[in-house]
Amino acid sequence: MTTEQTAGDQPLRPSLWRRILDSDLLYSFLRKPVVIVSFVLTVIIVLAAVLAPWIAPHTPFDPASLNLMNGFTPPFSANEFTGDTFILGTDSQGRDVFSAILYGARISLLVGFSAVAFAMILGVGLGLLAGYKGGWVDSLIMRVADVQLSFPAILVALMIFGVMRGVIPPQQQDQMAIYVLILAIGLSDWVQYARTVRSSTMAEKNKEYVQAARLFSVPAHRILLKHILPNVTGPILVIATIGLALAIILESTLSFLGVGVPATQPSLGTLIRIGQDYLFSGEWWITIFPGLTLLVLALSVNLLGDWLRDALNPKLR
Amino acid sequence: MNDVLLSVRDLVVEFPKRDKVLTALDHINLEVRRGEILGMVGESGAGKSLTGAAIIGLLEPPGRIAHGEIVLDGQRIDNLPYGQMRRIRGRKIGMVFQDPLTSLNPILTIAEQLIETIRTHLPMNEKQARERAVELLEEVGIPAARRRLDDYPHHFSGGMRQRVVIALALAGEPDLIIADEPTTALDVSVQAQIIDVLKRLCRDRGASVILVTHDMGVIAEAADRVAVLYAGRVAEIGPVRQVVKDPSHPYTVGLMGSIPSVVHDIDRLTQIPGSMPRLDNIPQGCAFNPRCSQVHDRCYRDRPNLIAVESKPDNQVACWLFDERASS
Amino acid sequence: MSSQPLLHVENLSREFDVSKPWLNRVIERLPEQHLRAVDNVSFDIPRGETFALVGESGSGKSTIAKLVVDLIRPTRGRILFDGKNLPETRGREFITLRRRVQMIFQDPFASLNPRWRVGDIISEPIYAFDLTSQLKTSVTRRVEELLETVGLAGRDRHKFPHEFSGGQRQRIAIARALSAMPDFLVCDEPTSALDVSVQAQILNLMRDLQEELGLTYLFISHDMSVVRHMADRIGVLYLGALVENAPAQELFRNPSHPYTRMLLDAIPDHEMTGRKRKPVKGEIPNPIDPPSGCTFHPRCEYANDRCKAEVPHLIATASDHYASCFAVEEGRLPKAEAIA
């Protein structure tokens with residue numbers, strides 16, 4: 001039997017490192033200064049938030065370490081009574097704004113990542129199911145999605161939040177607040193994943209490799225997970241990145257409105273709400289710095305997502 | 001006036017990539033005579049469509065003509081500015097694409113598309129152009145042309161649509177028509193009809209056609225001369241009868257042998273081992289050397305240019321086998 | 001018939017619902033629309049032979065392929081594989097039947113999962129059908145053997161499909177089908193996406209495999225020359241119906257049905273033998289709204305009133321040669337010029 005040979009026998013597979021260096025993604029990344037800056041800023045904020053307990057100069061929510069005398073210290077200057085300096089100043093209680101931001105970003109990111117993960121699992125699962133099964137399963141899932149999409153995400157989140165408030169006993173509410181928030185944001189954001197995955201699934205399931213798998217009597221759940229899922233994940237990454245920015249903003253909005261995390265565990269949104277009371281009395285730093293952090297974080301993540309979408313889209317390359 | 005309408009000399013088309021430059025067409029030389037159908041045949045990746053695109057000035061960036069010249073009717077056209085090239089397209093060179101569905105605008109009637117094209121190229125008023133459109137449709141064999149003029153493309157069957165596309169290509173009365181796989185998307189029984197239309201047009205109007213296809217059967221049916229392309233080079237060029245019945249280049253020999261016969265019983269098809277090299281992996285020397293059964297040292301070293309074959313007038317082959325025969 | 005055919009197809013029909021959505025139908029007062037993709041088709045394939053179905057677009061040839069491998073179920077009629085009707089079987093018998101009938105698809109770029117390594121692709125049927133216990137060697141070794149059988153190298157199992165050319169991918173697809181240890185392969189236009197020189201490699205490979213492994217093929221194609229090269233017997237389809245069924249050589253030597261003759265006339269003369277051909281006319285009608293009577297009558301020069309009204313059935317025109325045509329039946333069809 002003949003052996004077909006590719007012209008010039010191919011070398012063995014290149015190393016992982018080599019493939020990363022050769023990839024189009026890295027190439028496109030290195031040629032976009034805005035993307036590099038966004039990436040660096042995102043990494044710095046995420047790292048700072050994760051490492052907050054170790055790098056924060058103060059533990060802002062430990063009442064024992066607070067000194068009321070330090071209240072309203074402006075940034076970059078020493079307190080007139082105690083002589084302590086705080087880089088970004090303090091709030092009315094004498095809490096270090098910089099440390100509060102680090103801890104706040106931690107909560108914001110935690111909620112953001114968890115909500116996105118939740119929305120993604122839910123959306124991808126339902127999208128796969130709807131796309132593969134078709135028929136009434138598809139109709140049901142997609143009609144629910146349509147109805148939900150006709151309400152603004154914040155309204156959906158507020159409603160879920162309200163319902164959960166009614167269900168959970170009051171003494172546990174503060175503890176559960178974070179989980180409720182994740183649930184509310186996640187539930188308000190699954191539709192996008194479901195829609196995207198559904199349409200890619202409908203395209204993939206008619207491809208011949210899926211038909212071949214059906215000929216091997218491969219069960220449906222295995223076809224979905226092993227064959228179709230790996231081929232529909234591309235756009236998911238993009239939606240998730242942009243979704244992360246949206247989730248962080250939604251979380252901050254909810255917290256700003258006072259329905260998010262309790263004041264004992266403030267997120268960036270809570271910090272902005274606390275600070276805005278003092279905005280007109282001249283203590284601008286209490287609200288401006290958390291606000292700037294939120295802006296930079298959301299913008300960077302969003303720009304990364306936009307770039308990823310363009311870079312992964314073969315038509316635009 | 002000589003009888004050469006188009007001549008392509010030493011045409012090199014390159015695609016710059018980020019770390020290297022890929023040579024997609026490597027010194028293509030060919031001539032199209034007035035009133036002839038030149039077949040351009042090759043397998044996918046041979047560069048046949050690219051040659052057509054380069055001639056009509058529709059290379060997709062970053063592709064570029066790096067060397068050589070294209071002369072149409074005594075005028076060099078490879079370096080014309082965009083505006084001038086646009087006038088040549090349609091007026092001097094018409095184009096027929098593979099998929100008749102995508103080459104027609106679905107929201108305009110056939111009449112609108114034809115009249116617009118006619119009036120772009122010829123000094124006619126609306127009424128004259130409409131008459132011309134009917135004539136064109138009749139010429140490409142659309143029955144009841146006047147009645148069908150105001151139909152939309154989706155009212156036509158695949159074969160009829162391709163006829164409309166040909167009528168559009170003819171609207172500017174070009175001297176040269178480049179038909180890129182005009183029959184590939186069609187059913188077998190319709191293919192034969194489209195080939196007949198092309199042949200008849202060529203004969204009646206004295207227009208030349210470059211017929212780009214992968215189908216040797218279409219070439220044998222329609223072409224007067226044929227250029228066999230391999231890996232961005234012309235491997236063999238000559239009168240179609242000679243190339244089909246008595247091919248010279250080992251690649252052409254293999255290609256002809258690999259087509260199943262409808263006339264003879266063949267137990268095994270001739271097969272050329274391997275496949276066409278990718279652009280970034282074209283071997284040194286003759287690009288065909290890894291697949292060639294008659295390869296020798298020189299083929300690994302030097303790239304052969306087109307050489308006249310002694311016994312066959314009008315036939316040129318890019319193969320060292322024939323150089324040795326000539327010198328010995 | 002001395003022995004039972006491996007595949008027996010009997011009065012097979014398949015309709016597709018191509019109606020507009022319910023709401024549109026109600027508002028626009030449209031009836032339901034059904035497309036008869038396969039219309040009362042019967043044929044047998046003896047063990048070890050190749051039966052080819054030829055036809056143009058809309059002939060229903062790919063639908064028959066899907067019906068035979070049970071990717072879709074027939075509206076009417078039945079398909080007996082080795083005497084058994086697959087939809088009626090259960091459990092182990094069902095799985096075994098499934099395993100024995102495999103398919104090679106048209107597009108080698110779509111038939112291999114781009115995210116899987118070649119080794120995983122080829123071994124999938126081995127695990128899915130639980131064949132590991134029947135192997136004399138390890139699964140890895142078996143995959144390497146299969147790759148070598150189809151003319152690739154054993155170490156290619158580490159690669160991904162995109163690292164291969166179209167012809168090589170089709171080899172991988174063949175290896176995957178073989179790993180289920182089938183005795184029947186449905187080949188749906190296996191070479192129409194490939195270049196001619198590569199097509200020759202694949203056709204040769206398929207013939208070798210048939211000889212070595214005793215495979216039976218249902219070969220589906222629109223290309224008459226490929227079909228002639230591969231088939232022992234040919235069925236010609238037009239708008240879902242089988243219009244002629246004859247041994248390959250006989251069909252080319254003595255085509256009965258006017259449509260078959262037209263198809264033969266449409267084959268380009270790539271060998272430039274100068275054989276005489278009649279110009280082809282007309283196009284395939286819309287299958288949603290097929291012509292009355294014999295569906296070929298609008299394009300047929302021998303059609304008369306009977307052809308427009310009645311539907312012809314397959315009748316024997318010579319021994320072992322069947323055609324469905326009233327002109328043949330009534331003896332008013334002139335003898336065809338044999339092309340081979």
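**A friendly note on the three chains and their contacts**

1. Let us begin with chain B and chain C, which bury about 3600 Å² between them, with carbon and sulfur atoms giving 50% of that area. Buried area here is the accessible area (1.4 Å probe) that two parts lose on being put together, summed over both. On the chain B side, Val188(B), Pro260(B) and Val262(B) lose the most area to chain C, together 18% of what that side buries. The contact (heavy atoms within 4.5 Å) takes 43 residues from chain B and 42 residues from chain C.

2. Before going on, a word on the model: it is predicted, local features need pLDDT of at least 70, side-chain atom pairs count only at pLDDT 80 or more, and totals for chains, interfaces and linings use all residues. Residues are numbered from 1 along each chain as its sequence is written, chains are lettered from A and ligands numbered from 1 in the order in which they are written, and side-chain values use heavy atoms, leaving out hydrogens and water.

3. What holds charge against charge between chain B and chain C? The rule finds 2 salt bridges across this interface, a salt bridge being a side-chain nitrogen of Lys or Arg within 4 Å of a carboxyl oxygen of Asp or Glu. Arg268(B) and Asp208(C) meet in a salt bridge through their side chains, at 2.8 Å from N to O. The side of chain B that touches chain C divides into 19 nonpolar, 14 polar and 10 charged residues. In this grouping, Ala, Val, Leu, Ile, Met, Phe, Trp, Tyr, Cys and Pro are nonpolar, Asp, Glu, Lys and Arg are charged, and the others, Gly among them, are polar.

4. Now turn to chain C and chain A, which bury about 2800 Å² between them, 50% of it on carbon and sulfur atoms. Leu71(C), Phe105(C) and Glu124(C) supply 18% of the area that chain C buries against chain A, more than any other three residues. Chain C gives 38 residues to this contact and chain A gives 25 residues. Across this interface the rule finds 0 salt bridges. The side of chain C that touches chain A holds 14 nonpolar, 11 polar and 13 charged residues.

5. In chain A, have a look at Thr287(A), which sits in helix 14 (residues 285-312). Helices (H or I, at least four residues) and strands (E, at least two) are DSSP runs, numbered from the N terminus. Thr287(A) counts as buried because its relative accessibility is 7%; buried means under 20% relative accessible area, exposed over 50%, and partly exposed in between (1.4 Å probe, protein chains only). Its side chain reaches the backbone oxygen of Ile272(A) at 3.1 Å.

6. For chain B, an unreviewed UniProt entry places the feature "domain: ABC transporter" at residues 6-256. UniProt positions are given in the numbering used here, feature names are shortened, and annotations may be inferred rather than shown by experiment. That span, residues 6-256 of chain B, is 40% helix and 27% strand, and its end C-alpha atoms lie 28 Å apart.

7. Some backbone details in chain B deserve a look. The peptide bond from Pro61(B) to Pro62(B) is cis, with omega near 5°, and Pro62(B) is in the loop between helix 1 (48-56) and strand 4 (64-72). Asp10(B), in strand 1 (residues 4-16), has a positive phi of about 50° although it is not a glycine.

Terms used: Polar contact = N/O pair within 3.5 Å; in protein donor to acceptor, adjacent residues only side chain to side chain.
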